[in-house]
Amino acid sequence: MVHQRETIGRLPAYKQGVAAGDSGAFKLSSNENPFAPLASVTDAIASALDQIQLYPSMAVTEVTDRIAARFDVAVENVAFGAGSVEVLSQLIHASAGAGDEVIFAWRSFEAYPILVQVAGATPVPIALTADERHDLDAMADAITTKTRLIVVCNPNNPTGACVTADELHAFLARVPENVLVVIDEAYVHFNRDATSAIGIDFFHRYPNVAVLHTFSKAYGLAGLRIGYAIAPTAVATNLRRVALPFGVTALAQHAALASLDAEDELVLRIDEIVAERVRVLAALRASGWHVTDSQGNFLWLRTGADTDRVNAVFMAEGILARAFSGEGLRVTIGTTTQNNRFLVAATAALAPAAI
Ligand SMILES: Cc1ncc(COP(=O)(O)O)c(C=O)c1O
C-alpha cells in the first residue's frame with residue numbers, strides 16, 4: 001500500500017443528493033434551482049463552444065470587473081474558483097494548516113469539516129442553538145490562539161436561519177483582527193430578513209472579513225461551477241496562489257456574464273422561489289409540522305430520531321430530500337408541482353412522533 005495521509009482515509013466522502021434517475025421522483029436534495037437555464041445563458045455558452053481547445057482566462061477578468069463594480073470593491077479583492085466550495089477550499093488552505101483551528105457552526109454545510117481536514121487543520125464545530133441558529137457567543141468562546149478562520153453560513157445550510165447584523169457586529173468585536181471571518185452567502189439572494197447581516201457591508205467595514213458568493217443557486221449555474229470570494233487584498237492574492245489553475249472554464253465565465261446581464265429575469269425566478277417557500281412553510285405549519293423560518297431555497301424539518309422513517313415515507317411518495325439521520329431533513333423548494341407533491345408527502349409522514 002502506498003503512503004496516504006491517514007486523515008484522508010478517515011474522511012467521509014462528500015455526499016451528493018440522491019439522483020432521481022427514471023423513478024419519476026423529484027430531487028429536492030441539493031438546493032438546486034428548479035428552472036431551466038435562460039435561452040440567453042445557453043446561447044452565451046454555445047457561442048463559446050468553438051473555443052474550448054483554449055485555456056480560459058485564468059484571472060476570470062470580465063466577470064471580476066463586473067463583480068468589483070457591482071460591490072464597489074477593487075478587482076484585487078475578487079477571487080474566483082470552480083464553485084464557491086473551491087473558493088472556500090482556497091480560503092482554508094491559505095489560512096490554516098496542521099495545528100490550526102477552523103471554527104464553524106454545526107450542523108451547517110457538510111463540506112466545512114471535510115475541507116478543513118483536507119487542509120490538515122482541525123475543525124471546531126459549534127452546535128447550533130435550540131432554534132437552529134448560529135451560537136455566536138459559543139463560537140466566540142471557542143476562539144483560541146490556534147484559530148485561523150471562522151465560517152459564518154448566512155443563511156445557514158441546512159436550517160435556513162440567519163445571523164442578524166447586530167449579532168454579527170457583536171461577534172466581530174470579539175474576534176481578533178488576525179483571524180479571518182468568512183461569511184458564506186451561497187443563499188443570500190433568497191434572504192428576505194431585513195435584520196440579517198449582509199456580508200458585503202461587513203467586508204467594507206472590517207479588515208478581517210471575506211464574503212463567499214456563488215452562481216450555483218439563484219443564478220442556476222450549479223453544473224458549470226463558478227463562485228467567488230470578496231476578500232481583503234492580501235487574502236484574495238493568496239487565493240489566486242492556491243487556486244486550481246484554470247479552474248473556472250470559459251463556458252462558466254460566459255454563462256456568468258450572461259446571467260449578470262439577465263438579472264431582471266432571474267430576479268423574477270428568485271422571487272417565485274421565495275413565494276413558494278413562504279407558501280410551503282405556511283402549509284406545513286397549518287398541517288401540524290413544526291418548521292423554523294428559512295431564508296434559503298430550502299426548508300428544514302427537525303425530525304430527530306424519526307428522520308429515517310419520515311425519509312422513507314418521502315421516498316415512497318416520490319420526494320428525494322436530504323436526510324441527516326438522527327437529525328432532520330432538508331427539502332429544496334422546487335417548482336409548484338414539486339412542492340405540492342412534497343406537501344402531500346409531508347402530510348403522509350405526519351405522525352405524532354414526527355413533529
Ligand atoms: C452554504 C453553502 N456554501 C457553498 C456551497 C457551494 O456551492 P458551489 O460550490 O456550487 O458554489 C453550497 C452548496 O450547496 C452551500 O450550501
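How do the residues of the lining of the largest cavity divide into nonpolar, polar and charged? They divide into 8 nonpolar, 3 polar and 1 charged, where Ala, Val, Leu, Ile, Met, Phe, Trp, Tyr, Cys and Pro count as nonpolar, Asp, Glu, Lys and Arg as charged, and the others, Gly among them, as polar. This is a predicted model, in which local features need pLDDT of at least 70 and side-chain atom pairs pLDDT 80 or more, while totals for chains, interfaces and linings use all residues. Residues are numbered from 1 along each chain as its sequence is written, and side-chain values use heavy atoms, without hydrogens and water.

A search of the whole structure finds 1 cavity of 30 Å³ or more; a cavity is a set of points, on a 1 Å grid over the protein atoms alone, where a 1.4 Å probe fits but cannot get out, and lining residues have an atom within 4 Å of a point. Domain 1 (6–36 + 264–349) and domain 2 (39–261), with bounds from an automatic or database assignment, both contribute lining residues, so the cavity lies between them.

An oxygen atom of the ligand lies 2.6 Å from a side-chain N or O atom of Y187, and one is 2.8 Å from a side-chain N or O atom of N157.

Definitions and conventions
On a 1 Å grid over the protein atoms alone, a cavity is a set of points where a 1.4 Å probe fits but cannot get out, and a pocket is an open set with protein on both sides within 12 Å along at least five of seven lines; lining residues have an atom within 4 Å of a point. Grid points are joined across faces, edges and corners, and a volume is the space filled by probe spheres set on the points. A polar contact is a pair of N or O atoms within 3.5 Å; within protein, one must be able to donate a hydrogen and the other to accept it, and residues adjacent in sequence count only if both atoms are side-chain atoms.
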